[in-house]
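Trainee: I have a model to go through with you. Could we take it question by question?

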Amino acid sequence: MSTMLTVDDLRVSFPTRTGLIEAVRGVSFTLGRERLGIVGESGSGKSQTGRAIMGLTPAHAKISANKLNFDGIDLLTAPAKTRRALRGSRIAMILQDPKYSLNPVMSIGRQIVETLRTHESVSRREARDRAIAMLEAVQIRDAARVFDLHPHEVSGGMGQRAMIAMMLIAGPELLVADEPTSALDVTVQLEVLGILDKLVSERGMGLIFISHDLRLVSSFCDRVIVMYAGKIVEELAASDLGNAKHPYTQGLLNCMPTLGTNRHPLPVLDRQLEWAL
Amino acid sequence: MTAIVSAENLTVSFDDFLALDNVSIDVAPGESFGLVGESGSGKSTLLRAIAGLSPVTDGRITLDGKPLDVKYRDKAFYRQVQMVFQDPYGSLHPRQTVDRLLQEPLAIHGVADAERRILRALDEVGLGSSFRFRYSHQLSGGQRQRIAIARALIIEPQIMLLDEPTSALDASVQAEVLNLLEQVRRDRKLTYIMVSHDLGVVTHMCERLAVMKNGKVVERLSSSDLVAGRLSEDYTKNLMVASKGFVRDVAV
């Protein structure tokens with residue numbers, strides 16, 4: 001398996017009035033054409049890791065790494081123009097909530113076409129045909145109708161599918177999905193995951209799946225990285241989750257109430273100071 | 001069974017959209033009752049109708065056997081019934097300290113002894129008195145939800161309406177809040193009506209539950225039936241499958 005993305009000692013910090021907040025503190029991993037999950041609680045730095053790869057870290061943040069390399073391109077030193085060209089065409093990102101991440105005053109179709117025409121020179125007609133084909137690929141029935149709808153006219157699940165369509169239309173090699181299903185209903189969640197799974201495996205993309213739900217991630221990904229306080233505390237194969245060694249990973253696994261287990265009270269995480277060191 | 005809260009043939013419509021269609025539930029005193037369903041199934045509307053926050057077009061709600069006015073609820077009602085909302089970021093006043101947030105229900109109901117009650121309420125939800133003069137933006141999501149629970153508990157209601165109290169929280173924080181809710185229910189012998197889309201959470205917290213779809217109750221069952229898979233509706237089965245997580249073969 002060839003390595004597509006190399007992250008070595010990535011650090012992201014935010015200067016604030018009360019001092020430097022270190023959101024990501026030395027994260028290293030490599031990614032080939034596989035599904036990698038990043039799991040952690042809020043504030044563990046998982047989203048900032050994804051955003052750093054996308055180049056969406058806010059301008060006032062400090063970002064450093066020994067290596068942040070995508071297919072031979074050094075992302076940290078690459079000029080803004082190169083990064084713009086990469087973003088959307090070769091690296092794409094799916095955000096959490098379709099309600100906030102789609103443009104409310106543009107029809108869904110126009111937003112998809114916009115992405116496509118930014119990165120490829122295609123005629124209007126061809127762009128429209130490809131956008132509709134893409135909407136069909138994410139299993140939207142009656143894609144031609146949805147093409148002309150605005151985001152407020154569709155349900156959350158449909159909006160999220162439209163966003164997936166938008167992100168995949170330029171054929172990216174790497175997809176960063178930041179909690180793509182957390183805002184959705186359980187039943188819709190699985191449909192969206194199924195679509196994502198199918199497209200990722202068909203197109204041979206690399207996927208970084210960011211979520212706080214360890215069980216969901218492990219059922220979906222090949223490999224899981226567990227983050228706590230800006231650091232990786234454990235990395236393991238998804239099938240190996242039962243043998244997780246770090247108490248934090250075990251805690252995350254055990255704290256979910258599941259059907260058929262009768263545990264009162266639920267075990268809670270007993271956070272140790274040394275985990276954050 | 002003498003129900004403490006019951007809804008009979010309750011209908012809520014928004015123009016020509018029926019959000020609740022002839023729904024009846026009975027909740028026994030001291031029981032924890034769950035409402036499950038996907039978005040738009042009417043589970044939150046039912047809870048809000050009981051709280052007097054949805055326009056009831058037909059049917060009636062009784063509390064302790066006495067029918068309630070569908071349009072107007074008096075103070076005595078809110079003394080007995082309190083609600084905790086889904087989003088702890090939206091349900092606390094951003095410019096009030098925790099102290100003021102907790103004073104408000106006491107002032108409304110003219111409860112004396114505010115000082116002691118605030119300290120006790122904070123203590124009960126596992127936040128010390130050091131949190132008393134903070135603003136909500138200085139708290140994490142889980143801490144905010146604890147404050148929202150403290151605010152509901154401070155006037156000692158008998159019935160708590162919980163609208164997805166943990167769905168905005170991380171899994172690890174969810175466990176803490178669920179434990180807290182169970183603890184106070186045991187200590188104070190409260191009745192809960194809890195809405196959630198997570199079957200794991202509902203079966204953990206509730207003894208009985210109603211499954212809702214398109215504004216109707218499609219199935220009523222006990223948690224043990226659910227766990228054992230004694231289901232009659234396909235819709236409930238789908239929810240069951242969904243709650244088990246992603247399985248590659250099933251998907252598409």
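Trainee: Why does Lys43(B) count as buried?
Mentor: Buried means under 20% relative accessible area, exposed over 50%, and partly exposed in between, with a 1.4 Å probe and protein chains only. Lys43(B) counts as buried because its relative accessibility is 6%.

Trainee: What should I know about the source before going on?
Mentor: This is a predicted model, where local features need pLDDT of at least 70, side-chain atom pairs count only at pLDDT 80 or more, and totals for chains, interfaces and linings use all residues. Residues are numbered from 1 along each chain as its sequence is written, chains are lettered from A and ligands numbered from 1 in the order written, and side-chain values use heavy atoms, without hydrogens and water.

Trainee: In which helix is the place of Lys43(B)?
Mentor: Helices are DSSP runs (H or I, at least four residues), numbered from the N terminus. Residues 43–51 of chain B form such a helix, and Lys43(B) has its place there. The name is α1.

Trainee: How far apart in space are Lys43(B) and Lys213(B)?
Mentor: In sequence, 170 residues separate Lys43(B) and Lys213(B). In space, C-alpha to C-alpha, the distance is 8.4 Å.

Trainee: Which side chain of opposite charge is nearest to Arg144(B)?
Mentor: Lys and Arg count as positive, Asp and Glu as negative; His and the chain ends are not counted. A salt bridge needs a side-chain nitrogen of Lys or Arg within 4 Å of a carboxyl oxygen of Asp or Glu. Arg144(B) is buried and has no salt bridge. The nearest side chain of opposite charge, 6.9 Å away, is Asp87(B).

Trainee: How many cavities of 30 Å³ or more are there?
Mentor: On a 1 Å grid over the protein atoms alone, a cavity is a set of points where a 1.4 Å probe fits but cannot get out; lining residues have an atom within 4 Å of a point. Points are joined across faces, edges and corners, and a volume is the space filled by probe spheres set on them. The largest cavity holds about 40 Å³. The count is two.

Trainee: Which helix gives the largest share of the lining of the largest cavity?
Mentor: That lining includes Arg117(B), Arg120(B) and Glu124(B). Four residues come from one helix of chain B, residues 114–124. That helix is α4.

Trainee: How many charged residues are in the lining of the second largest cavity?
Mentor: Asp, Glu, Lys and Arg count as charged; Ala, Val, Leu, Ile, Met, Phe, Trp, Tyr, Cys and Pro as nonpolar; the others, Gly among them, as polar. Five are nonpolar and none polar. The charged ones number two.

Terms used
On a 1 Å grid over the protein atoms alone, a cavity is a set of points where a 1.4 Å probe fits but cannot get out, and a pocket is an open set with protein on both sides within 12 Å along at least five of seven lines; lining residues have an atom within 4 Å of a point. Helices (H or I, at least four residues) and strands (E, at least two) are DSSP runs, numbered from the N terminus.
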